[in-house]
Every structure is written in C-alpha cells, then in structure tokens.
Amino acid sequence: MATLQAQVSAYSFSQSSVTYTPITGGAVLATGAVDDDSYLNNPIGFNFTYNGTVYTTFSVNSNGYIAMGANINDSYSALSTGTVNDVICPLNYDLNGTASGEIRYELLGTAPNRVLVVQFANWASYLSTGTGAGDNFNFQVRLYETSNNVEVVYGNVVKNTTS
C-alpha cells in the first residue's frame, strides 16, 4: 500500500526528463564513508521561499535529504518521523557514502536567475553489506532563485540486488 505524506502547500508536482550534470565546484561537505552526519547552516546564496517562509540557509543530512534553515535532525524517514519541517527528501533512507562518496553544493548562475545545487555522489544504502557494496546513488536537489522552484534530479543509480 502506498501513502503520500507531508506535502508542502502551494507547490505542485510535475515530472520531466532533466539531464543530471555533476557539479565539481562549490563547497564539499563530506567525503568517503560518512554515516548519519549532518552539515548545518549552509548559505543558499539568495532568499528562497519555501512553504511560505523565506530562507537564506539550508542543512544537509547524509541520509539523503536537506532541510531549509540552520538545523536538521538525523532521520531515516524525515517526511514521516522527522521533527524538522520543510525538508526535501530525494532519497531519504539509511544511507552512507562509499569510499568515493561526496556531498557538495554549488551556487550557479547570476542574479536573479541563480540555482543552488546540492549533490550526493556515489552514495549507498547502509544495509547493503554495511558499506553499500554494489550500490551507487547519484542525485541532486536544485533550488531556483526568483521562481522558488525545487527540482530533484537523479543521475546514475545502481542498487545491489542481493541486499
């Protein structure tokens, strides 16, 4: 049975094919096999309105999601059990970085058309033999200045089917 929870008011959903383009600049928050870590109070680079609130910072959790603002709680299911509101969860689960894993963010473009890209590269399920052997998840959250659009973009995703 599928359920849908924690919708954000005044947002609509649409699906499209968007090319995943890895970022290589900006700030690196984590590398390697990090697990259950949080990276707090990172600058968005512009005012971003989400769920009726203006934010200038975001926080990241290594379990595959971001929260608007200066704080975030560690959660494997932030939409249903998390205590921080205004989360964006592209792949929220018990995740960790692989040996080549990385979380980074980069501000692209010029005002008033900038985009903040938060990227999880070479990420994995913790449960696939403890270190994500065989998994390789690549995904981004993109926040758009002026339009306040949120875009979730998935790159290469490989799941170890034996876990």
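Areas come from the Shrake-Rupley method with a 1.4 Å probe, and for residues only the protein chains shown count as cover. I placed L127 in the loop between β7 and β8 (136–144). L127 counts as exposed because its relative accessibility is 53%; exposed means over 50%, buried under 20%, and partly exposed in between (1.4 Å probe, protein chains only).

**Source.** I noted that the model is predicted, that local features need pLDDT of at least 70 and side-chain atom pairs pLDDT 80 or more, and that totals for chains, interfaces and linings use all residues. Residues are numbered from 1 along each chain as its sequence is written, and side-chain values use heavy atoms, leaving out hydrogens and water.

**Whole chain.** I counted 1 helix and 9 strands. These are DSSP runs, numbered from the N terminus: H or I of at least four residues for helices, E of at least two for strands. From the N terminus the order reads β-β-β-β-α-β-β-β-β-β. Of the 163 residues, 44% are buried. The chain exposes about 8400 Å², and carbon and sulfur atoms supply 51% of that area.

**Sheet.** I traced an open sheet of 5 strands in the order β1-β6-β7-β8-β9, with antiparallel pairing. Strands β1 (27–31) and β9 (150–158) are at the edges with a single partner strand each, so one side of each has no neighbour in the sheet. Two strands pair if DSSP finds at least two bridges between them. Strands β6 (residues 95–108) and β7 (residues 115–125) pair over 10 bridges, in the antiparallel sense. I found G97 opposite W123 in β7.

**Loops.** In the loop between β6 and β7 I found P112, which a cis peptide bond joins to A111, with omega about 5°. N51, in the loop between β2 (38–50) and β3 (53–61), is not a glycine but has a positive phi of about 55°. N148, in the loop between β8 and β9, is not a glycine either and has a positive phi of about 60°. Which of these counts as partly exposed? N51 does, because its relative accessibility is 31%. N148 is buried, with a relative accessible area of 18%.
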